[in-house]
Amino acid sequence: MGSFGAVLLDLDGCLLDSNDAHARAWSRALSRFGHRVSASRLRREIGKGGAELIRDFVRPGERHFLGDAMGKVQTRIYLSGFERDVRPFPGAAAAVRRMRASGIPVVLASSADRRVVERSLRRARLSGVLTGFICADDVRKAKPFHDVFSLAIRRFRLARRDPVAIGDTPYDIAAAHQIGLPCIALLSGGFPLSSRASAEARFEGLARHWSSGRSLFQ
Amino acid sequence: MKFDALLGLHGIVLRSDDPSRDARRWRRALGLAPPRKALGGVTVGVGPEFFVTLRQAAPDAPPGVEEIHVAVSGLRGAPGAVDALGGRMIERRIGRIRLVVREFIAEPRQRPRRRARGKVGARRETAPLARRKGNR
C-alpha cells in the first residue's frame, strides 16, 4: 500500500456516531409517505445517497417524483428530532486536527444534505479545520457512485497527492474503487467486518487509525 | 417559469359528464386504488406521483382536459405554502387548460392509499359482460 498525501473522509459513522439516528429518521420519513420500513432494515442502507437508499422500498414512479421530497423530510426529521442526541466519536475530531497540522488536506465527502454536513461539522468543532467538503447537494448521484469522491479530487486538486478515502460503509468502498481510489474502512459505523473485506486497510475508528496508521501517510 | 429539471407529467384533471363512471374506468384500465373525493372531484391514482381527477363538466365547459400537473425540481419563484400533495406550485393558463408546475418538497397531507390488489386489468377480463356494462 502506498503512502497517502490527502484524505477524503466520510462523515456519518466516521466522525459522528449517527448511523442509527439516520436510520430511525428515514423510517419515520418513509412512514409519512405511507411506507412502513423498520429502522433496522434501513440501517443496512445508511451511507447511500437518498435516491439509492429508498430504491427497494418505494415504487419506481414515487422514487422519481418524490425521492427528493422524501430526502428533505428525512433531513428535517433528523435535524429536529435526532441530531441533538448524536455524539462525535471520541478522538475523531482530534485525529482530523492532527492530520491537518501535519499538512495533509482533509476533504469531507458525504452523501448527506448540506445542512446536515454544516451542522455536523459545527457539532464536531471542525468547521474551520477541514480543507473543504462535498455533499449530496453538489453531485447528481451520491454514494455508492463515485461522484462525491471525483468532485472532491477535482475541486481541491488532490489527484497528484495520492488521496485515500476513509469511510465506514461498503458504499464508501464501492464508490472509491470505481475510480481506483484506495479506501480505508473504519469499523466504527457498525457494519459487519465482512462487508468491508475489499478495503485496503481496516481500523477500529478514526482516532485509532491516526495513532496506529500514521505510517500510511506522507 | 424557472426550474432545474422537468421530471414529467404526474397528474391530469378532466371534465366529465359522469365523473364516478369515468373514475371507475380509469381505475380498471390502470389497476389503480379505489376512487376517492379529492381535488374538487373524483380522484384515482397511486399517490401524488400519479393521479387522474374527474370533475363534473358544466354546461358551458364540455368534457375535456381541465388541468395538467407537471413535476419539476428546483422550482424558483413559487409561494412558500405547501399544498395537499406536498408541493409548492406555480400555475399558468394555456388556452382553456390550467398548467400546474409543482416541486414536491414534503409529505402529502393525506396518506396515499394502497394500490388495488391483483393484476392490472384482471377484473375487467374476468367480469361478465353484463356486469361490465352495468358498471359503466
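What follows is a short tour of some salt bridges and of a few paired strands.

Keep in mind that this is a predicted model. As background, side chains of opposite charge can pair when their charged atoms come close.

**A bridge between chains**

- Glu49(B) and Arg59(A) meet through their side chains in a salt bridge, at 2.8 Å from N to O.
- This pair joins two chains, because Glu49(B) sits in the loop between β3 (41–47) and β4 (50–56) of chain B, while Arg59(A) sits in the loop between α3 (50–53) and α4 (60–82) of chain A.
- Glu49(B) is buried, with a relative accessible area of 4%, whereas Arg59(A) is partly exposed at 25%.

**A bridge within chain A**

- Over in chain A, the side chains of Glu83(A) and Arg123(A) form a salt bridge at 3.6 Å, N to O.
- The two belong to distant parts of the chain, 40 residues apart: Glu83(A) is in the loop between α4 and α5 (92–101), and Arg123(A) is in helix α6 (residues 114–123).
- Glu83(A) is buried, with a relative accessible area of 6%, but Arg123(A) counts as partly exposed at 28%.

- Arg55(B) lies in strand β4 of chain B and Glu67(B) in strand β5 (residues 64–73), so the pair ties together parts that are 12 residues apart in sequence.
- Both Arg55(B) and Glu67(B) are buried.
- These two also belong to a network of salt bridges that links Arg15(B), Arg55(B), Glu66(B), Glu67(B), Glu91(B) and Arg98(B).

**Strand β7 of chain B and its partners**

- How many of the 8 residues of strand β7 (residues 97–104) of chain B are buried? The count is 7, so this strand is largely enclosed by the rest of the structure.
- β5(B) pairs with β7(B) in the parallel sense, over 5 bridges. Ile68(B) stands opposite Leu99(B) of β7(B).
- Strand β6 (residues 87–94) of chain B pairs with β7(B) in the antiparallel sense, over 8 bridges. Gly87(B) has Phe104(B) in β7(B) as its bridge partner.
- β6(B) and β7(B) make a hairpin with 2 residues between them, and Gly95(B) in the turn has a positive phi of about 60 degrees.

Definitions and conventions. Residues numbered from 1 in each chain as written. Chains lettered and ligands numbered in written order. Predicted model: local features only at pLDDT ≥ 70, side-chain atom pairs only at ≥ 80, totals over all residues. Heavy atoms only, no water. Salt bridge = Lys/Arg side-chain N within 4 Å of Asp/Glu carboxyl O. Helix = DSSP H or I, 4+ residues; strand = E, 2+ residues; numbered from the N terminus. Buried < 20%, exposed > 50% of the residue type's maximum accessible area, 1.4 Å probe, protein only. Pairing = 2+ DSSP bridges.
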